[in-house]
Amino acid sequence: MKLGITGMLAAAAILGSVSPAAAQDGDYYAFTLFNGTPWTILTFQTGEPNGTYSRDWMPNRVLEPGDSVALRFHDSEDACEYYVKIVFEDGDAWQQKLDFCELESVVVNEDGVIEGIE
């Protein structure tokens, strides 16, 4: 069974390309989300530690195993650490707190880890 995750507060917007992202662009954090699992990712959400989540930041697509997508979100709180929630096609969800000031990529690994890579 897959692991659960916590939420994250921020506004996010999808970029059209799948190129590696810059770490920080003004009030926006840009990164590439990589699916390193054998499972299809249905949603990427941000939210608060209390479990309140945003909308899906990938509303028009799913992330197949081995695929990636460039994303960015607006930092309205002047914070670096946020929670992310990944939901898979079987309904399982993984959550992780990440430091978006220090990363360029977010990798979802098969072992249940969502890792920020500088």
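Let's start with a pair of side chains. Arg61 forms a salt bridge with Asp67, and their closest N and O atoms are 2.8 Å apart. By salt bridge I mean a side-chain nitrogen of Lys or Arg within 4 Å of a carboxyl oxygen of Asp or Glu.

A word on the source. This is a predicted model, where local features need pLDDT of at least 70, side-chain atom pairs count only at pLDDT 80 or more, and totals for chains, interfaces and linings use all residues. Residues are numbered from 1 along each chain as its sequence is written, and side-chain values use heavy atoms, with hydrogens and water left out.

Back to the pair. Arg61 counts as partly exposed because its relative accessibility is 28%. Asp67 has 27%, so Asp67 is partly exposed too. The scale: buried is under 20% relative accessible area, exposed is over 50%, and partly exposed lies in between, with a 1.4 Å probe and protein chains only.

How many salt bridges does the structure hold? There are 2. In the other pair, Glu81 meets Lys97 at 3.3 Å, N to O. Glu81 sits in strand E5 (residues 81–88) and Lys97 in strand E6 (residues 93–99), so this pair ties together parts 16 residues apart in sequence. Strands here are DSSP runs of at least two residues (E), helices are runs of at least four (H or I), and both are numbered from the N terminus. Glu81 is partly exposed, because its relative accessibility is 47%. Lys97 is at 39%, so Lys97 is also partly exposed.

Now strand E7, residues 105–109. Is E7 mostly covered or mostly open? Mostly covered: 4 of its 5 residues are buried. E7 has partners. Strand E2 (residues 28–36) runs parallel to E7, joined by 5 bridges. Thr32 stands opposite Ser105 there. Strand E8 (residues 114–117) runs antiparallel to E7, with 4 bridges. Here Val106 faces Gly116. Two strands pair if DSSP finds at least two bridges between them. E7 and E8 make a hairpin with 4 residues between them, and Gly112 in the turn has a positive phi of about 95 degrees.

Last, confidence. pLDDT is the predictor's confidence in each residue, from 0 to 100. The chain's mean is 76, and 73% of its residues reach 70 or more. Which element has the highest mean pLDDT? E7, at 94; strand E1 (residues 11–14) has the lowest, at 31. Over residues 1–25, pLDDT stays under 50. For that stretch the model has 96 contacts beyond four places in sequence, a contact being heavy atoms within 4.5 Å.
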